[in-house]
Amino acid sequence: MFSYLARRVLIMIPTLLVISFLIFIIIQLPPGDYLSNKMAELQSQGDQAALDKIAFMRAQYGLDRPFIEQYLVWLGAWPGANGFEGMLQGYMGHSFEYDMPVSEVVGERLWLTIVVSVATIIFTYVVSFPIGVYSAVRQYSVGDHVLTFIGFLGLATPNFLLALVLLYLGNRYLGTEIGGLMDERYIGQPWTWGKFGSIIEHLLVPTIVIGTSGTAGMIRRLRANLLDELQKQYVVTGRAKGLSPGRLLMKYPLRMSLNPFIADIGNILPHIISGAAIVSVVLSLPTTGPMLLQALEAQDQFLAGSFLMQLAALTVIGMFLSDLALAALDPRIRLGAGGTR
Amino acid sequence: MDNVLEVNDLEVEFLGPEGRIEAVRGVSFRIPRGKTVALVGESGSGKSVVSQAIMRILPRAGRIAKGQILFRASPGAAPVDIAGFADDDPALRQIRGGQISIIFQEPMTSLSPLHTIGNQVGEAYRLHVGDDPKEVERACVDILRLVGFPNPERAIHTYPFELSGGLRQRAMIAMALIARPSILVADEPTTALDVTIQAQILQLMKELQHKLGMAILMITHDLGVVANMADEIVVMYHGKVMEYGTLDHIFRAPEHPYLKALLKAVPRFDMAENERLVPIREIKAEAGSLLKSKEPWPAGATDTIPLLSVKNLNKTFGTRKRSLFGSSKGGQVKALDNVSFDVPRGTCVGLVGESGCGKTTTSKIIMRALRADSGKVVFNNRGAPLDVVTMGQDQMLTYRRRVQYIFQDPFSSLNPRMTVNQILSEPLIIHDIGSEEERNARIQELMRLVGLNAHYVRRYPHSFSGGQRQRIGIARSLALQPDLLICDEPVSALDVSIQAQVLNLLKDLKSELGLTYLFISHNLAVVDYMADHIVVMCAGHVVESSPRAEFFRNPVHPYSKALLSAVPEPNPDSRLDLRALLDGKASDPKAWPEPFTLNGSLVSHMVDVGGGHFVRMAGDKKQEGGRP
């Protein structure tokens, strides 16, 4: 058990290293960088003082060095202008666009993103489970057909459209504020119950919007998985033992059909964070999605790179957690189904 | 007469997209208290549906249309009509699993892979007797010991996938019996098991019946099992009872033509030389000119060299040993240990043994699907010896045309997305034989050869029955006009009536087309019917090799004897003798009596006991670096 855990944690290190290298290649792919773009702009205006400052920044952030050296500096494995100062030391880099350290720019946004994501995952599971189970147990009933239809609607509706419709409805009938993640007067204020309540209120619409298609997809998968399991012989065995239908369902087929969902957790995390970008733009949510988009457009390389690194870390950790949960739930994975033949 | 169960005029129907199907049409029989009733019939006869109706576990589309199922929990008690309950009536659930319980054919799929044996076995006890955890655990341990688990205290914490097939079926029986039911319904309980394991399970069921005083409803298509177990027999065909009577009546004086036909279709040990099985529906094989015209053999090519010669094959598999987490390289399993035998041209060699003995590994090495660690396989290619183990790609192509394979499972061995035409023409296309018209002519001929209507070539495999699919598989293997056919349990997945049909077809084809067979089976009666020479394998060793008649007259090796005595014969006079099974140690080379004991310290050889009959016996002490 311990050795397995240790091995899994150790293997995350080279994985993240490889990912960081790939990320750096990708954000370096477009020609030029933030500062050279800026310099071209300033040169056309003839602002000598600003040009000097930019030249200083180029040296400061190592943009004049070769690619591999830049990468190593960013990573923290090579001395930069201020000595070893990179991700390994916990320093995320400097955002040119905002002209402050990345960690300060991202700061609260990352946490709010996680809040939105977790809320969405909970929403997805809470809604899709009862519906999926109902659809499978009452296959081809009127309820199944109606829910399936709604599910397909959910799959087919573009998220941003749904966002606009819900925003309108929420504002018109419930008096909910449009957009944002909290009431404006709480922004930048310390945490209070009022702020918390405001966040919950504002979370409602984004959660539904971001979660709809995932929920619809999950209903379909749960229904299909459970239908497969319900046919299996061990379910008949359970019935033949005299188990009541409800307990039979909970104990055997439902438990078996859980595996794919747990295995999915690792995938859901990054999917939600990147997939929600457009919705976040529409709803002007202060999450990481829009900022990542902007950072990539402006070639704000350290900001974009750090963002992507954080996403990658979340994914790797999510996979790790889902593997652990799977091993805990399924003895076949925990004990291994005998030797290989 | 005290009957624990009476079924009166039972009708069961299924409502499907194709309309209403009557699966059971007016069946009546009874089960006397403490006795065994066998329900016999081929697949589709409705016998399993009757058992599902009694348990009230019919699939969703099925329903009891008419009739009564009267159950008396104790002598003189008022009967309860099981057919009269609503689907989820708690009173029905109390009977189900508590008073009447069932065991199924497939012990692997019948148990949940996610729950421990103790959890699943104890569940019936918790539901019907009491749910004090200590008491449940004690009951579990008791019943597991009763069904012969070697270490029941440990077994309750194991998962089904950690157990062998035989132990899983024992766990299944324990689960059915833990609440001490009055009736045990056994739906083909041993069909998926080896003969030796089957004999043990049957014996166990008999003992338990005696101890617990329960009645057994045995559902099977194996008349050998019936003759060994049943007091009364119900023969079903197309949802109706054909014949009903005591064991003696059914086997000694069968009246109904269907039953007579069924009895004639089963291979027996006491068949006369050249006696043919009589299938219920005979098929006629027609060999056309195309398939008969084979490349001729040069004179004298097989006078001295056999068609296939296997010499000292060795193969070990590494097992991955897994602890709680992580895996490491574990022990090694010796799958084949100096396996040697010859297959002379024009004969049929039967390779016999239980699952795991290495017979399929051997056939895979012959097909070059696996590589042997050491040893030789030499194929006689029209007089030119071909070393199968070391041959290159181009020789392999020739070899593949000469040697073909017939698989056990007719369902998974045909691609469901290919038509019969595509299935049969694929080997011809791969080997670039003939033009399109020539190929079509050959396919037509192949279809006639296996007795199938040549118009069916555009159909997909799902529209054929198991026996027809197996014939398609045979046709595919014959498409390239091979010399040697490896038949890996070709009839073990088929019903008795179909089995006779396919066996006769294989026999006819052998003489018509001049084929040679390597026939792999665990069913000795089938091998007796097919083979000229018999090779018995156990735990990776060839333990006995003998001409057929000599082998059945005088089996020498203790394992061969155990195997022979484990075959249930369709004859009430020769019941199973379990003592010969050595308490399940028959397949353990260390437990064989002297001079057959193989424990690794002694060298063993095949000893000639006369008439081409060889038996493996232990010899001198193994010497360091010495020659075996």
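1. The model is predicted: local features require pLDDT of at least 70 and side-chain atom pairs pLDDT 80 or more, while totals for chains, interfaces and linings use all residues. Residues are numbered from 1 along each chain as its sequence is written, chains are lettered from A in the order in which they are written, and side-chain values use heavy atoms, without hydrogens and water.

2. A nonpolar surface patch on chain A includes Phe160(A), Leu161(A), Tyr173(A), Ile278(A) and Val282(A), and its members together have about 1000 Å² of accessible area. Patch residues have over 30% relative accessible area and no salt bridge, with nonpolar side chains joined within 5 Å; a salt bridge is a Lys or Arg side-chain nitrogen within 4 Å of an Asp or Glu carboxyl oxygen. Areas follow the Shrake-Rupley method with a 1.4 Å probe.

3. Helices α7 (159–174) and α13 (277–282) of chain A each supply at least two patch residues, and α7(A) gives the most, with eight. Leu169(A) lies in α7 and counts as partly exposed because its relative accessibility is 36%.

4. Chain B has 20 helices and 22 strands (DSSP runs: H or I of at least four residues, E of at least two). Its radius of gyration is 26 Å, close to the 25 Å from the globule rule for 628 residues, so chain B is as compact as a globular protein of that length (C-alpha atoms; 2.2 Å times the number of residues to the power 0.38).

5. Buried residues (under 20% relative accessible area) make up 55% of the 628 residues in chain B.

Conventions: Patches are made of residues with over 30% relative accessible area and no salt bridge: like charges are joined within 9 Å, nonpolar side chains (Val, Leu, Ile, Met, Phe, Trp, Tyr) within 5 Å. Buried means under 20% relative accessible area, exposed over 50%, partly exposed in between (1.4 Å probe, protein chains only).
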